[in-house]
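Please look over the sequence and the 3D structure below.

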Amino acid sequence: MPEIEEETLETNSRDEMLSPVKLVRFQRRAQRTDSIEVLQRDLLRLYANPLEDFMDFWPKNPSDYREKMGRYTKEVRKLGIHLFGAIMESLNLGGATHLKENFNQGMHMVVANRYSPYQESSNIKIGAPPHSDHSIITILLQSSPGLQVLDMADNNHDHHNNGTWKAIPKLEASLQVFVGDHLEVLSNGIYKSVWHRVIPISTSNARISMASFHNFQIDEIVEPAKELIDNDRPKKFKGSSVRDLLKYASSQKPVRLIDTHRII
Ligand SMILES: O=C(O)CCC(=O)C(=O)O
Ligand SMILES: [Fe+2]
């Protein structure tokens, strides 16, 4: 059976999930069609909204880390807010100020992933197993290729075992934006979250990526917007919070929590 091992090296909060800094060696057994392998990466997770509440907990080394990371998270957050506004407009929810307010006050989690060079001889492979993100949107910066998304074009979205993996190229000076599970819920299934993975890479350099997860607040229940529910499109999901999604993710079930919350 799949299982997860997380080694927490540093933690700082009474609410474990909101611990402002967490350095983790993340290992997960991934079931491939013909074998089981252990996938590993190192990650540093930081919270970044409100920035002034969290920045004091961030690493101090190198000495310009907080300043540079602070600048990046501020800019990426502005972009997230801008994109969320555009997405709301695309759903004819431009006037739903409570949703924008929820997003503005929401959780911004930044995860820096390090995939060390992959050694042919090791039985531990370096990568990230197939998953979708818990976020509303994720904005990703990557140093080198390795990321793949599942093309669901001719596939029922409930079944992530089928479909074709497509490599995402690394484009210079660009960011990638992913739809996460909570946008699928909020949009009542109009936007679909992206199933993705990082395949073991065999370069001599480490691969670094920085994922910014934009969410509502951790205990805010996300439900399909009532404006998007009608006879033709009945309510598709029950509500869930980010905390629910994060807790469930660590239990490593093969389906997404939101799929267990499907009403139709
Ligand atoms: O490293 C990447 O490119 C993606 C990482 C990822 O999917 C995640 O942190 O959720
Ligand atoms: Fe991801």
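Buried means under 20% relative accessible area, exposed means over 50%, and partly exposed lies in between, with a 1.4 Å probe and only the protein chains counted. Phe54 is therefore buried, because its relative accessibility is 14%. Keep these cut-offs in mind, as they return below.

This is a predicted model, in which local features need pLDDT of at least 70, side-chain atom pairs count only at pLDDT 80 or more, and totals for chains, interfaces and linings use all residues. Residues are numbered from 1 along each chain as its sequence is written, chains are lettered from A and ligands numbered from 1 in the order in which they are written, and side-chain values use heavy atoms, with hydrogens and water left out.

**Around the ligand**

Which residues are around ligand 1? They are Arg41, Asn113, Tyr115, His131, Asp133, Leu140, Leu147, His196, Val198, Arg207, Ser209 and Phe213. A residue is near a molecule if one of its heavy atoms lies within 4 Å of it. By class, this shell around ligand 1 holds 5 nonpolar, 4 polar and 3 charged residues. Here Ala, Val, Leu, Ile, Met, Phe, Trp, Tyr, Cys and Pro count as nonpolar, Asp, Glu, Lys and Arg as charged, and the others, Gly among them, as polar.

Where does the shell come from? Strands E4 (108–115), E11 (196–198) and E12 (207–214) each supply at least two of the residues around ligand 1. E12 gives the most, with 3 residues. Helices (H or I, at least four residues) and strands (E, at least two) are DSSP runs, numbered from the N terminus.

Some shell residues also make polar contacts. A polar contact is a pair of N or O atoms within 3.5 Å; within protein, one must be able to donate a hydrogen and the other to accept it, and residues adjacent in sequence count only if both atoms are side-chain atoms.

| Residue | Distance to an oxygen atom of ligand 1 |
|---|---|
| Arg41 | 3.4 Å |
| Tyr115 | 2.6 Å |
| Arg207 | 2.9 Å |

Taken alone, ligand 1 exposes 290 Å², and the protein buries 96% of that. Accessible areas come from the Shrake-Rupley method with a 1.4 Å probe; for residues, only the protein chains shown count as cover.

How many aromatic pairs does a search of the whole structure find? The search finds 3. Rings of Phe, Tyr and Trp (its six-membered ring) pair if their centres lie within 6.5 Å; planes under 30 degrees apart count as stacked, over 60 as edge-to-face and the rest as tilted.

Tyr47 and Phe54 form a tilted pair, 5.6 Å centre to centre, with 35 degrees between the planes. Tyr47 is buried because its relative accessibility is 1%. Phe84 and Phe216 form an edge-to-face pair, 6.2 Å centre to centre, with 80 degrees between the planes. This pair links distant parts of the chain: Phe84 is in helix H2 (residues 65–90), Phe216 is in the loop between E12 and helix H5 (242–250), and they are 132 residues apart. Both Phe84 and Phe216 are buried. Ring pairs also link Phe84, Phe103 and Phe216 into a cluster.

**Backbone details**

Two peptide bonds deserve a look. A cis bond joins Asn49 and Pro50, with omega about -5 degrees. Pro50 is in the loop between E3 and helix H1 (51–54). The bond from Asn61 to Pro62 is also cis, with omega near -5 degrees. Pro62 is in the loop between H1 and H2.

Next, look at phi. Asn92 is not a glycine, yet its phi is positive, about 60 degrees. It lies in the loop between H2 and helix H3 (97–104). Asn188, also a residue other than glycine, has a positive phi near 55 degrees. Its place is in the loop between helix H4 (181–186) and E11.

Is each of these two residues buried or exposed? Asn92 counts as exposed because its relative accessibility is 71%. Asn188 is buried, because its relative accessible area is 0%.
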